Amino acid sequence: MDLISQNLPQALMVIGIIALIIEVAVLGLSTIILLFLGLSLLTSGLLMVVGVLPESITAALWSNTIITAVLALLLWKPMKRMQENVDSKQVNSDFADLTFVLAKDVSDKEITTHQYSGISWQLKSTQPISAGTKVMVVKKEVGVMWVAPVS
């Protein structure tokens with residue numbers, strides 16, 4: 001404990017950097033709270049090094065409380081907006097350009113499956129497709145391949 005109190009500004013900055021690394025690298029900015037805490041610890045440590053704040057535990061606690069609250073008030077809405085910005089674009093995967101010939105009819109009346117990569121996939125289509133037709137995967141969902149006839 002003496003080591004921390006003798007080197008309080010440096011300890012605050014190290015703990016702040018660790019909190020930022022955990023928030024960004026491990027949690028992927030999902031909690032935001034550690035981001036505010038890490039930034040406040042880093043700021044408090046820097047203010048102590050510069051001489052604006054006294055190097056005491058009391059000053060560290062109060063400054064971190066105030067800085068964390070101010071950062072939360074200023075950055076909460078922009079950070080939440082950034083988290084809600086989700087890209088809904090379909091990602092191409094190993095299913096891109098996958099074509100095969102249907103062994104059974106695909107319709108909305110019965111379930112048709114296709115074995116691919118060791119998994120039995122359910123086949124669906126927006127229109128009925130007869131057996132023997134060459135089809136291409138146009139969309140993927142969990143356990144489902146949406147297919148369309150190749151023209």
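Which residues in α3 meet which residues in α4? From α3 come I33, L35, F36, L37, L39, S40, L41, T43, S44, L47 and M48. Their partners in α4 are A59, A60, S63, N64, I67, T68, L71, A72, L75, W76 and M79. Contact means heavy atoms within 4.5 Å.

**Basis and confidence**

This is a predicted model, in which local features need pLDDT of at least 70, side-chain atom pairs count only at pLDDT 80 or more, and totals for chains, interfaces and linings use all residues. Residues are numbered from 1 along each chain as its sequence is written, and side-chain values use heavy atoms, with hydrogens and water left out.

pLDDT is the predictor's confidence in each residue, from 0 to 100. The chain averages 87, and 93% of the residues score at least 70. Confidence is highest in α3, at a mean of 94, and lowest in helix α1 (residues 2-6), at 77. Where pLDDT is low, the predicted coordinates should not be read in detail.

Helices (H or I, at least four residues) and strands (E, at least two) are DSSP runs, numbered from the N terminus.

**Helix packing**

Two packed helices are described by the angle between their axes and the distance between the axes. Axes are lines fitted to C-alpha atoms, for helices over the stretch in contact, and angles run from 0 to 180 degrees between N-to-C directions.

| Pair | Angle | Axis distance |
|---|---|---|
| α2 (residues 8-26) and α3 (residues 33-50) | about 160 degrees | 7 Å |
| α3 and α4 (residues 57-84) | about 135 degrees | 8 Å |

Angles under 35 degrees count as roughly parallel, over 145 as roughly antiparallel, 65 to 115 as roughly perpendicular and the rest as oblique. α2 and α3 are therefore roughly antiparallel to each other. α3 and α4 are therefore oblique.

Handedness comes next. A crossing is left-handed if the near helix is turned anticlockwise from the far one by less than a right angle, and right-handed if clockwise. The crossing of α3 and α4 is right-handed. The contact of α3 with α4 has 16 nonpolar, six polar and no charged residues. In these classes, Ala, Val, Leu, Ile, Met, Phe, Trp, Tyr, Cys and Pro count as nonpolar, Asp, Glu, Lys and Arg as charged, and the others, Gly among them, as polar.

The crossing of α2 and α3 is left-handed. On the α2 side, the residues in contact include L8, P9, L12, I15 and E23. On the α3 side they include I33, L34, G38, L42 and V49. By class, this contact of α2 with α3 has 18 nonpolar, four polar and one charged residues.

**Selected residues**

Buried means under 20% relative accessible area, exposed over 50%, partly exposed in between (1.4 Å probe, protein chains only).

L47 lies in helix α3. L47 is partly exposed, at 28% relative accessible area. Beyond its neighbours within four places in sequence, L47 is in contact with V52, L53 and I67. The C-alpha atoms of L47 and A60 are separated by 9.9 Å, at 13 residues apart along the chain.

I15 sits in helix α2 and is partly exposed, at 46% relative accessibility. I15 and A60 are 45 residues apart in sequence and 12 Å apart, C-alpha to C-alpha.

I57 belongs to helix α4. I57 is also partly exposed, at 41%. Its C-alpha atom is 10.0 Å from that of P9, 48 residues apart along the chain.

S117 is in the loop between β2 (112-116) and β3 (119-124). S117 is not a glycine, although its phi is positive, about 55 degrees. S117 is exposed, with a relative accessible area of 61%.
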